Protein chains: 2
Amino acid sequence: MTPAELTWVDGERAHSLPLPDRGLAFGDGLFETLLLVDGRPVLLEYHRQRLARGLKVLAFPDVGRALDHTLQNVSAAAPSGAAALRVTLTRGGGPRGYLPPSGARPRVIAQLAPQTRPLDAWHDPAKLGVAAIRWPTQPQLAGIKHLNRLEQVLAAKEYRRGGWDEALMLDQRGRAVSVVAGNLFAVIGDRLRTPALDSCGIAGTRRRAVMERWAPALGLAVDEAALSPADLQAARELFYCNSLVGIRAVAALGDARWRDFPVTRALHERYLATLEARA
Amino acid sequence: MTPAELTWVDGERAHSLPLPDRGLAFGDGLFETLLLVDGRPVLLEYHRQRLARGLKVLAFPDVGRALDHTLQNVSAAAPSGAAALRVTLTRGGGPRGYLPPSGARPRVIAQLAPQTRPLDAWHDPAKLGVAAIRWPTQPQLAGIKHLNRLEQVLAAKEYRRGGWDEALMLDQRGRAVSVVAGNLFAVIGDRLRTPALDSCGIAGTRRRAVMERWAPALGLAVDEAALSPADLQAARELFYCNSLVGIRAVAALGDARWRDFPVTRALHERYLATLEARA
């Protein structure tokens with residue numbers, strides 16, 4: 001749709017997907033959204049590890065070489081500066097019905113779009129509403145980034161309708177999980193707290209980087225916890241993170257307002273250092 | 001994949017889907033699987049009404065004419081006798097990200113495959129295991145036939161691995177919901193009981209026909225209820241139904257066995273009468 005978007009299917013430039021495809025039919029697949037800087041994916045190992053976990057949960061055949069082949073072709077074609085790469089893996093074609101064919105051959109679809117925003121920009125802090133649509137309870141698929149994402153689509157429609165920048169999404173019990181496209185962290189006391197993702201949600205690569213790299217670099221402890229919307233509203237700071245935005249402070253959630261973001265700004269600096277190191 | 005499968009995209013014969021497409025990206029869409037007899041869809045109004053409900057839940061733009069156009073083209077190309085038609089509606093293309101474009105233009109994908117099994121055959125009663133993968137809890141999307149169907153894909157892998165014909169799928173609390181491709185009914189006392197679908201599951205067109213037509217024609221009352229696997233095992237008869245199979249008795253569920261199916265056979269006769277009437 002974006003004129004400058006380029007697409008590859010199984011490593012070759014393409015404009016369409018062969019049918020049938022189980023990714024379309026059932027959401028039978030996985031995806032990753034990577035930030036490329038001068039053609040190089042940022043935090044690639046985290047993306048690979050999450051993908052590997054998803055492939056195991058969905059019992060996909062091995063796709064190692066097909067993915068490498070695609071990443072090579074995309075990197076060679078990527079613009080200098082920042083670009084967004086979505087890599088989608090589907091279980092491929094097959095006969096009608098839910099049952100995957102025993103000889104399923106996964107497909108790798110890559111979509112590359114330039115990013116015009118300066119990589120080192122501090123984002124305007126976001127105004128959040130609370131989405132009425134909630135995450136489904138599904139511990140067996142929690143954390144992985146599969147293609148069944150209707151709740152986030154509907155929550156995105158809500159934030160547009162509400163005039164918000166993003167939406168807080170809750171689980172079936174009303175506890176905070178995430179925003180539509182990103183994981184949430186609250187500064188509570190002298191720690192970071194982030195929703196546990198044992199029954200729903202996506203375990204983001206930047207969430208992992210906050211927990212394993214950027215917060216420890218600042219001497220900050222991080223807990224996974226059950227957090228209510230009121231817990232978030234009472235936090236000293238609130239921010240979310242994803243692969244394209246990096247770290248974005250939250251300025252408003254319902255009636256709660258925040259103006260100063262010292263911890264979030266310090267984490268944002270760590271994020272920028274990761275970008276510069278091309279880690 | 002099946003050599004004789006024919007595909008249409010937006011009413012025109014095609015072999016591929018233009019990219020990007022939100023159906024592939026997020027499962028942002030719906031589908032129906034229709035039985036065609038001599039090119040005419042069986043119980044079309046039930047399919048249309050479920051689709052209409054799904055379109056409303058997903059807040060899709062109107063697709064009425066595009067769907068009619070596709071059904072006309074498919075009917076004209078359909079073989080005599082039985083065929084399976086899958087109609088998939090996606091929210092179409094759009095820029096990267098969960099947020100649907102405000103001017104989204106849905107796509108209609110139709111896939112037609114011949115059915116070789118005689119329409120009036122009584123199916124070999126099915127052996128069922130119990131799937132380890134469970135339905136997600138999601139009351140806001142329960143009943144509609146959207147494209148987020150990973151649980152059923154994984155449950156289908158389980159019934160193949162287990163050597164079963166189908167698998168009983170449970171909800172997050174361990175109650176019976178359905179089989180992978182079909183709704184369940186149990187004969188308990190002098191009534192039919194079928195799992196309530198208020199937190200998950202698909203409200204099948206043949207489930208509706210059992211409840212509104214075929215059971216009433218036999219003077220049988222039907223309840224929607226919470227049913228445990230043990231409730232099912234203690235039932236006098238058990239069967240499932242879907243658009244292509246019609247009605248299929250269950251011969252085994254775990255340790256429980258059934259050999260006589262007087263009620264299921266009587267309902268099957270009602271089903272055959274519906275086919276003959278081309279209703």
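Residues are numbered from 1 along each chain as its sequence is written, and chains are lettered from A, and ligands numbered from 1, in the order in which they are written. Because the model is predicted, local features need pLDDT of at least 70 and side-chain atom pairs count only at pLDDT 80 or more, while totals for chains, interfaces and linings use all residues; side-chain values use heavy atoms, with hydrogens and water left out.

Helices (H or I, at least four residues) and strands (E, at least two) are DSSP runs, numbered from the N terminus, and two strands pair if DSSP finds at least two bridges between them. Strands of a sheet pair through backbone hydrogen bonds, either parallel or antiparallel. In chain A, six strands make an open sheet in the order β2-β1-β7-β6-β4-β5, with antiparallel pairing. Its edge strands, β2 (12-13) and β5 (40-41) of chain A, each pair on one side only. The antiparallel strands β1(A) and β2(A) are joined by two bridges, and A:Val9 stands opposite A:Glu12 in β2(A).

Chain B also has an open sheet of six strands, in the order β2-β1-β7-β6-β4-β5 and with antiparallel pairing. There the edge strands are β2 (12-13) and β5 (40-41) of chain B. B:Val9 has B:Glu12 in β2(B) as its bridge partner.

Helices accompany the sheet in chain A. Helix α3 (residues 64-77) of chain A lies across β1, β2, β4, β6 and β7 of chain A and runs at about 20 degrees to β7(A); axes are lines fitted to C-alpha atoms, for helices over the stretch in contact (heavy atoms within 4.5 Å), and angles run from 0 to 180 degrees between N-to-C directions. A salt bridge (a side-chain nitrogen of Lys or Arg within 4 Å of a carboxyl oxygen of Asp or Glu) links A:Arg48 and A:Glu45, at 3.7 Å from N to O. These two residues are about one helical turn apart, because they are separated by three residues in helix α2 (residues 44-57) of chain A.

Two loops of chain A deserve attention. The peptide bond from A:Leu19 to A:Pro20 is cis, with omega near 0 degrees, and A:Pro20 is in the loop between β3 and α1 of chain A. In the loop between β4 and β5 of chain A is A:Asp38, whose phi is near 50 degrees, a positive value in a residue other than glycine.

A:Leu24, A:Tyr98 and A:Leu150 supply 15% of the area that chain A buries against chain B, more than any other three residues.

Methods: Buried area is the accessible area (1.4 Å probe) that two parts lose on being put together, summed over both.
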